[in-house]
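Have the sequence and the 3D view open as you read.

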Amino acid sequence: GVLNRRRVEEGGTAETFEITVWVHHGAGGLDFLPTTADSLTYDGVLWRVTQVAPTYSSASLIASKITARGA
């Protein structure tokens, strides 16, 4: 699920947006641990993963919190 979407100040006229999402692992969810080499599509926009932390687990992976910026 998407937790938030916000504008990131970078100076100048450039405008960048960032989203934070929870990704479920396990049955019906993502079956691998995401990394910063990954990207995702949300609301028709490609987002580059910039941070994966923390990852919650028990006997197996449960969920990952991902921060991504518009590509």
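1. Over how many bridges do E4 and E5 pair, and in which sense? There are 8 bridges between E4 and E5, and the sense is antiparallel. Keep in mind that this is a predicted model.

2. Now zoom out to the whole sheet. It's an open one made of 5 strands, running in the order E1-E2-E5-E4-E3, with antiparallel pairing. Strand E1 (2-8) and strand E3 (39-42) sit at the edges, each pairing on one side only. From one strand to the next, the twist averages 30°.

3. Next, the largest nonpolar core. Its 8 residues are Ile19, Val21, Val23, Leu40, Trp47, Val49, Ile66 and Ala68. At least two residues come from each of E2, strand E4 (45-57) and strand E5 (61-70). E2 gives the most, with 3 residues.

4. Val49 stands opposite Ala68 in E5. Ile66, leaving aside neighbours within four places in sequence, is in contact with several residues, including the core members Ile19, Val21, Val23, Leu40 and Val49. Pro34, Gln51 and Val52 are also among the contacts of Ile66.

5. Finally, have a look at Thr20, which lies in strand E2 (residues 16-24). Is Thr20 buried or exposed? Thr20 counts as buried because its relative accessibility is 10%, and buried means under 20%. Not counting residues up to four places away in sequence, Thr20 touches Gly1, Val2, Leu3 and Asn4, along with Lys65, Ile66 and Thr67.

Note on methods. Residues numbered from 1 in each chain as written. Predicted model: local features only at pLDDT ≥ 70, side-chain atom pairs only at ≥ 80, totals over all residues. Heavy atoms only, no water. Helix = DSSP H or I, 4+ residues; strand = E, 2+ residues; numbered from the N terminus. Buried < 20%, exposed > 50% of the residue type's maximum accessible area, 1.4 Å probe, protein only. Contact = heavy atoms within 4.5 Å. Core = buried A, V, L, I, M, F, W, Y, C linked by side-chain atoms within 4.5 Å. Pairing = 2+ DSSP bridges. Axes fitted to C-alpha atoms, helices over the stretch in contact; angles between N-to-C directions.
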